Amino acid sequence: MVRELSKDKIVVLKYAAVLLMLLIFPFAASRIWLNFAVFIGIYVILTVGLTLLFGYANQLSFGHAGFFGLGAYTSVLGSPYVSVWGGFILAALLSALVGYSFGRPILRLRGLSLGLATMAFGQIMSVLFLELHLTGGAIGLSGIPAPSFGEFQFDTAVRYYWLVLLVATFVVYLSVRIGDSYIGRALKAIGTNEGAARVAGVDVESIKASIFAYSAALAGLAGALYAHYVTFVSADSFRGEFSILVILIVAVGGRASFLGAILGSILLTIVPQYLREFQQYAMLLYGVMLVVVFMYLPGGLVGLLRSNEKS
Amino acid sequence: MNNILSVSNAFVSFGGVTALNNASFGVPSGTVTALIGPNGAGKTTCFNVVSGLQGARGRIIFEGRDISKVSAHRRSGLGRTFQIVQLFGGMTVKESVMVGAHRRGGGNLVEVGLDLPRVRQAETDIEDQVNGILRRLELVKFKDRLASDLPLGQQRLVELARALASDPKLLMLDESASGLSPSELANLEVVIRQLVATGISMLIVEHNIRFVRKVADHLVVLNFGDVIFEGQVDRGLASPAVISAYLGKAS
């Protein structure tokens, strides 16, 4: 009992240290790093649901760029009527709804077939973003307003940092709670043995669809936060290939761990900034990385760290 | 005697091969019923039909209710293990067993995310119950190990524990005795007797005839998808039809 308590204390101390760093960060960091931090936060929100969907339940999605875009356009187009905050909520809700309706039938597929079907979804969405009059197509929509409380606008990197930090912390908390619950256990069970999970009372189809909807909602919310930060979106921002990067973030970090989504987001925000000159080869690099990680590093960075800790 | 489970005219075929040929039998309440038969007789198919993993023609009455059209996850009161152990990879013994109590988990996705009091309460209740089961099956010392890392005998116990966590009225064990050491086998016998004493009915698929003689009260023999005997254990094992089925002779 005494040992367990001190173990808990160490965990609390770790969290406190991380929190302290996050709180000090905006006062110490340059504008560029603050900007990175905002994107890291947005990526964390985008991918943390996939830790549950892909990492826990082993359901591969190559279509989450579609939800990211859906959320972005929903919020941008909806915010004139319901305010930016309302737009954020609308983005999450509509993405969840589309995610559930699409996920319920499609999640009968497994493995690669599921990957392909979700990739098709991403492509369909990207064509819609490009061709629909509403989205402004390739020209896009600009002058997107920042969220605000009365006079106070979240229109600087520092202010947006606080907003994204708050949202990211909240959704990571939600996801960790879900992961540790009976639903998280059911997801893990589905991930390795659907038949045995069914016999144990798990409604496999409905839990899969729900978690797909949850991850879609977070992706939509991330898209909305993105749009109101960069103040300009076009179909180019949500191309199907972006979904590869999304899965790569989860896989590189460590798909079955929430820390993995965070590490992956950090890595894949910062590294590309230093490879700007080779931007046209980015997809090539991501593709190779994805193959290498799937083949040789299934546990991602977190898996690597843990295996080092043990030895 | 009342039957807790009655299977009538269950028919399953896999691309022209008949796995169950209008099989009918019952499991009397409060007994251990053994389901035996040579390899390929349809025993595991039978388990899959009853637990809802395999669709079939015919009727399955469980506790007086027709469950033939009920999906697997809604068939509460039925617990089972698998011939080839089906564990959840990457999960500890305790977590795996807790999955068995899934039906008593509290709250939807949002409630769980927000960690509401009733979600916590349900979780604590499940944990208490599972700890009890782990103690009873002497799995406590393994509770934080990966279930897949344990020796086969313990893995079978983990499966049994998982099935028990769902509070079954009827527990179906698919060759739980196979691959067990003599001491593990003796332990399984004790466990089965204890469970029956608590009011759980059992249906076991078993190849070990000595074990069947020891634990079973009622016998059902399958051969090529047909029920060729149902009744007293001793009478069944002495029946010429059963003996010739086992020896592979044409009857």
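Predicted model: local features only at pLDDT ≥ 70, side-chain atom pairs only at ≥ 80, totals over all residues.
**Helix pairs in chain A**

Take helix α3 (residues 64-106) and helix α4 (residues 111-131) of chain A: their axes come within 10 Å and cross at roughly 150 degrees. That puts the angle over the 145 cut-off, so α3(A) and α4(A) are roughly antiparallel to each other. The crossing here is right-handed. On the α3(A) side you'll find A65(A), G66(A), G69(A), L70(A), Y73(A), F102(A) and I106(A), and they meet a set from α4(A) that includes L114(A), F121(A), M125(A) and F129(A). By type, the residues of this contact come out as 10 nonpolar, five polar and no charged.

Now for helix α2 (residues 31-56) and helix α5 (residues 157-180) of chain A, which pack at about 15 degrees with their axes 9 Å apart. These two are therefore roughly parallel to each other, and they cross in the left-handed sense. Their contact holds 20 nonpolar, six polar and one charged residue.

Here are the two pairs side by side:

| Helix pair | Angle | Axes |
|---|---|---|
| α3(A) and α4(A) | roughly 150 degrees | within 10 Å |
| α2(A) and α5(A) | about 15 degrees | 9 Å apart |

Over in chain B, six strands make an open sheet with mixed pairing, in the order β6-β7-β8-β3-β9-β10. The edges belong to β6 (78-80) and β10 (226-231), each with a single partner strand, so one side of each has no neighbour in the sheet. On average, neighbouring strands are turned by 15 degrees against each other, direction ignored.

Helix α6 (residues 182-197) of chain B lies across β3 (32-36), β7 and β8 (201-205), at about 150 degrees to β8(B).

Helix α1 (residues 43-51) of chain B is largely enclosed by the rest of the structure, because eight of its nine residues are buried. Among them are C46(B), F47(B), V49(B) and V50(B), along with K43(B). Just after this helix, G52(B) takes a positive phi of about 95 degrees.

**Where the chains touch**

The contact draws 28 residues from chain B and 23 residues from chain A. In chain B, α2 (93-99), α3 (109-113) and α4 (117-136) each supply at least two residues of the side that touches chain A. That side of chain B is made up of 11 nonpolar, 11 polar and six charged residues.

Methods: Residues numbered from 1 in each chain as written. Chains lettered and ligands numbered in written order. Contact = placed C-beta atoms within 7 Å. Helix = DSSP H or I, 4+ residues; strand = E, 2+ residues; numbered from the N terminus. Nonpolar A, V, L, I, M, F, W, Y, C, P; charged D, E, K, R; others polar. Axes fitted to C-alpha atoms, helices over the stretch in contact; angles between N-to-C directions. Parallel < 35°, antiparallel > 145°, perpendicular 65-115°, else oblique. Left-handed = near helix turned anticlockwise from the far one by under 90°. Buried ≥ 20, exposed ≤ 12 C-beta atoms within 10 Å, placed from the backbone. Pairing = 2+ DSSP bridges.
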